[in-house]
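Got your viewer open and a selection tool ready? Let's take a short walk through this model, stop by stop.

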Amino acid sequence: MTVHDAAGAELALRLAGPRGVTLLSAPGAAATLGAPWFLAILGAARAAVPGVPAAALLDCGDAPGLALMALRAGLRALVLDPGCPGFAAVAAAASEVGACLHPGRPASLDLGRLDLTRAGGRARLAAWLAGAG
């Protein structure tokens with residue numbers, strides 16, 4: 001599920017419940033907000049909803065330097081464009097620390113595009129969570 005802030009990440013965890021959910025940053029978020037921001041929203045959401053399994057996936061776009069910084073910051077799952085210079089080096093660094101480097105964004109429901117005050121938005125979110133397990 002694509003999250004843009006701590007409130008969205010917390011909501012995703014609350015609604016996912018014990019089955020858990022993958023929290024994916026917005027496209028290229030490593031360049032605009034950075035790894036520390038993503039770690040902070042994850043930490044806030046996990047503190048608010050403890051015990052819910054949540055994988056974290058930061059999108060680094062085509063910026064291998066930002067991907068390396070994210071690995072140093074402690075993130076263990078990243079998205080990086082495989083066509084960018086340095087992809088192989090980041091893949092090697094990720095492997096060394098036991099991290100997973102994804103060459104593309106997985107399918108994701110973007111919470112920023114849903115109106116959860118409407119039944120249709122809530123139904124779409126529930127359907128996604130039921131299938132995303």
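Predicted model: local features only at pLDDT ≥ 70, side-chain atom pairs only at ≥ 80, totals over all residues.

Residues are numbered from 1 along each chain as its sequence is written, and side-chain values use heavy atoms, with hydrogens and water left out.

**Stop 1: the sheet**

Helices and strands here are DSSP runs numbered from the N terminus (helices are H or I with at least four residues, strands are E with at least two). Select the four strands and you'll find an open sheet, ordered β1-β2-β3-β4, with parallel pairing. Two strands count as paired if DSSP finds at least two bridges between them. Look at the edges: β1 (21-24) and β4 (100-102) each have a single partner strand, so one side of each is left without a neighbour in the sheet. From one strand to the next, the twist averages 25 degrees.

Now zoom in on β2, residues 54-59, which pairs with β1 in the parallel sense over four bridges. Pick Leu23 and look across to β2: its bridge partner there is Ala56. Then turn to β3, residues 77-79, which runs parallel to β2 and is joined to it by two bridges. Select Leu58 to find its bridge partner in β3, Leu78.

How many of the six residues of β2 are buried? Five of them are, so β2 is mostly covered. Buried means under 20% relative accessible area, exposed means over 50%, and partly exposed is in between (1.4 Å probe, protein chains only).

**Stop 2: two helices**

Next, select α1 (residues 6-16) and α3 (residues 34-48), whose axes come within 8 Å and cross at roughly 40 degrees. The axes are lines fitted to C-alpha atoms, for helices over the stretch in contact, with angles running from 0 to 180 degrees between N-to-C directions.

Show side chains where the helices meet: Ala6, Ala9, Glu10, Leu13 and Arg14 in α1 are in contact (heavy atoms within 4.5 Å) with Ile41, Ala44, Ala45, Arg46 and Ala48 in α3. Sorted by type, the residues of this contact are seven nonpolar, no polar and three charged. Nonpolar takes in Ala, Val, Leu, Ile, Met, Phe, Trp, Tyr, Cys and Pro; charged is Asp, Glu, Lys and Arg; the others, Gly among them, are polar.

Stay on Ala44 in α3, which is partly exposed at a relative accessible area of 38%.

**Stop 3**

Is Thr2 buried or exposed? Select Thr2 in the segment before α1: with a relative accessible area of 3%, Thr2 is buried. Beyond its neighbours within four places in sequence, its contacts include Leu24, Ser25, Arg105 and Leu111.

Finish at Gly112, in the loop between β4 and α6 (119-132). Gly112 counts as exposed, at 55% relative accessibility.
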